[in-house]
Amino acid sequence: MTTPQQARELAKNLRTKPTPLSVVVPVLQSLADQVEALTAELENIANANLKTWDKDYNTAADFMAWAQSRARAAIAKGTA
């Protein structure tokens, strides 16, 4: 997995010196994979419905806690 710092460093280097595609392509693929995973998680959160959510935890507070937990996990994954 490419970290944001690694991506920024590569972008900086691309401006100052030639970089082989064999280095650039895997980084771009890793970033694309991360965007796809984060988008899927955000869609999961955005489409969640309290009324159809797990009946054992069907309170607004539990639902909010779940959504916040998933969002925090996605943020942590995206900044790792």
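Is Trp66 buried, partly exposed or exposed, and at what relative accessibility? At 22% relative accessibility, Trp66 counts as partly exposed; buried means under 20% relative accessible area, exposed over 50%, and partly exposed in between, with a 1.4 Å probe and protein chains only. The legends below concern a predicted model, in which local features need pLDDT of at least 70, side-chain atom pairs count only at pLDDT 80 or more, and totals for chains, interfaces and linings use all residues. Residues are numbered from 1 along each chain as its sequence is written, and side-chain values use heavy atoms, with hydrogens and water left out.

**View 1. The aromatic pair of Phe63 and Trp66.** The structure holds one aromatic pair. The ring centres of Phe63 and Trp66 are 5.9 Å apart and the ring planes stand at 35°, so the pair is tilted. Rings of Phe, Tyr and Trp (its six-membered ring) pair if their centres lie within 6.5 Å; planes under 30 degrees apart count as stacked, over 60 as edge-to-face and the rest as tilted. Both residues belong to helix 3, where three residues, about one turn of the helix, separate them. Helices are DSSP runs (H or I, at least four residues), numbered from the N terminus, and strands are runs of E with at least two. Phe63 counts as buried because its relative accessibility is 16%.

**View 2. Helix 3 and its buried side.** Helix 3 comprises residues 60-79. Its 20 residues, at 1.5 Å a residue, should span 28 Å, and the end C-alpha atoms are 28 Å apart, which agrees. The expected span is 1.5 Å times one less than the number of residues. Phe63, Ala67, Ala74 and Gly78 are buried in this helix. They cover an arc of only 40° around the axis, which puts them on the same side of helix 3; the arc is that of the directions from the helix axis to the C-beta atoms. An α-helix has 3.6 residues a turn, so residues three or four places apart point the same way. The face turned away from the buried side carries the exposed residues Ala61, Arg72 and Thr79. Helix 1 (4-16) and helix 2 are among the parts that cover the buried residues of helix 3.

**View 3. The salt bridge between Arg70 and Glu41.** One salt bridge is found in a search of the whole structure. It joins the side chains of Arg70 and Glu41, at 3.0 Å from N to O. Arg70 lies in helix 3 and Glu41 in helix 2, so the pair ties together parts that are 29 residues apart in sequence. A salt bridge is a side-chain nitrogen of Lys or Arg within 4 Å of a carboxyl oxygen of Asp or Glu. Side chains of opposite charge can pair when their charged atoms come close. Arg70 is partly exposed, with a relative accessible area of 28%, whereas Glu41 is buried at 17%.

**View 4. Helix 2 and its buried residues.** The 26 residues of helix 2 should span 38 Å at 1.5 Å a residue; the end C-alpha atoms are 36 Å apart, which agrees. Val24, Val27, Ser30, Gln34, Glu41 and Ile45 are the buried residues of this helix, and what covers them includes helix 1 and helix 3. Ser30, in helix 2 (residues 21-46), counts as buried at 14% relative accessibility. Gln34 counts as buried at 13%. Ser30 touches Met1 and Thr2, not counting residues up to four places away in sequence, and with that exclusion Gln34 touches Met1 and Thr2. Contact means heavy atoms within 4.5 Å.

**View 5. Gln29 in helix 2.** Gln29 is partly exposed, with a relative accessible area of 46%. A polar contact of 2.8 Å joins its side chain to that of Asp33. A polar contact is a pair of N or O atoms within 3.5 Å; within protein, one must be able to donate a hydrogen and the other to accept it, and residues adjacent in sequence count only if both atoms are side-chain atoms. Gln29 and Leu10 are 19 residues apart in sequence and 14 Å apart in space, C-alpha to C-alpha.

**View 6. Thr19 in the loop between helix 1 and helix 2.** Thr19 is partly exposed, with a relative accessible area of 22%. Leaving aside residues up to four places away in sequence, Thr19 touches Leu10, Asn13, Leu14 and Val24. A polar atom of the Thr19 side chain lies 3.4 Å from the backbone oxygen of Lys17.
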